[in-house]
Amino acid sequence: MDDRDFGTGTGFGGTGFGGTGFMGGRRGLGILAAGTAVLLLAGCGGGDAEATALDRKQVASVLPDAKAVPGWRNYMKPDAQEPVPDYPPSVCRVGPKDKREAACEEVAFWGTSSFAHEPDGTTLSFWALAYKDEKAADTAYDLLAGWYGGDRVGVGAKEVDLGDTGAEREANRAEVGAMGGPGTIAQVRVGTTVLGISTGTQGKTMIPDERIRAFAATFAERAQQAQDGDRPTAAVPKG
């Protein structure tokens, strides 16, 4: 699997990643809360503990599959790989060479999964970049968010509130994306991972903000479950 596989729809090379771009801008750190909220939302393992770096199988398991996204057709099954030095993940191709290298060189593994929803051809794509530690992930998040800011998801993009999901998060939507209809792109950092989500359609149906929040929360929880040493089981509620 390489980024040449992601040339259609709102995934890599389309409205989302490596094509029109990935919306972003730094939107603060997750609020530290007590108990389970720290584990599920802060994405850092809680307290001063270092978040765990993920291996290839764990990265693949973090990516949502058909069971995790009910009602959607999983046309690109979850898969992960180690980056090829001369062919970095498409989502790392940001701006000047020095920034691109800073975002890409510390990537240990990366992967994607994509879905479609009929009859209007709405697409939903997830990607994950796994780093060796939180510092590297935080640096990459800032570079990706800075590069993919502005109106890259579409002209007149507006922010979507993701709540407290992840340690850092950003989401934006535009009425007209690269597929011609509404598009949304989100980015979340959870511990040692940087996660991305994109949606788009050739139709007119806009995915509600609450569903975007559900996609992001589920993805973030799956990343946290993996970093806690558990098998990711979080799924998007039906609706």
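I began with W127, which I found in strand 3 (residues 122-131), where helices (H or I, at least four residues) and strands (E, at least two) are DSSP runs numbered from the N terminus. The model is a predicted one, in which local features need pLDDT of at least 70 and side-chain atom pairs count only at pLDDT 80 or more, while totals for chains, interfaces and linings use all residues. Residues are numbered from 1 along each chain as its sequence is written, and side-chain values use heavy atoms, with hydrogens and water left out.

I looked up the accessibility of W127 and read 1%, so W127 counts as buried (under 20% relative accessible area, with exposed over 50% and partly exposed in between, for a 1.4 Å probe and protein chains only). I also noted S113, which is 14 residues from W127 in sequence and 6.6 Å from it in space, C-alpha to C-alpha.

Next I turned to strand 2 (residues 107-117), which is largely enclosed by the rest of the structure because nine of its 11 residues are buried. I counted pairing by DSSP, which must find at least two bridges between two strands. Strand 1 (residues 73-81) runs antiparallel to strand 2 and is joined to it by six bridges, with A80 opposite G111. Strand 2 and strand 3 are also antiparallel, joined by 10 bridges, and here F115 stands opposite L124. These two strands form a hairpin with four residues between them, and I noted a positive phi of about 70° at G121 in the turn.

I then searched the whole structure for salt bridges and recorded seven, taking a side-chain nitrogen of Lys or Arg within 4 Å of a carboxyl oxygen of Asp or Glu. E118 pairs with R73, their closest N and O atoms being 3.6 Å apart; E118 is in the loop between strand 2 and strand 3 and R73 is in strand 1, 45 residues apart.

Which residue forms a salt bridge with E134? I found R189, with the closest N and O atoms 3.8 Å apart. Since R189 lies in strand 6 (residues 183-190) and E134 in helix 4, the pair ties together parts that are 55 residues apart in sequence. R189 is buried at 5% relative accessibility, and E134 is buried at 14%. Salt bridges with shared partners join E134, D138, E168 and R189 into one network.
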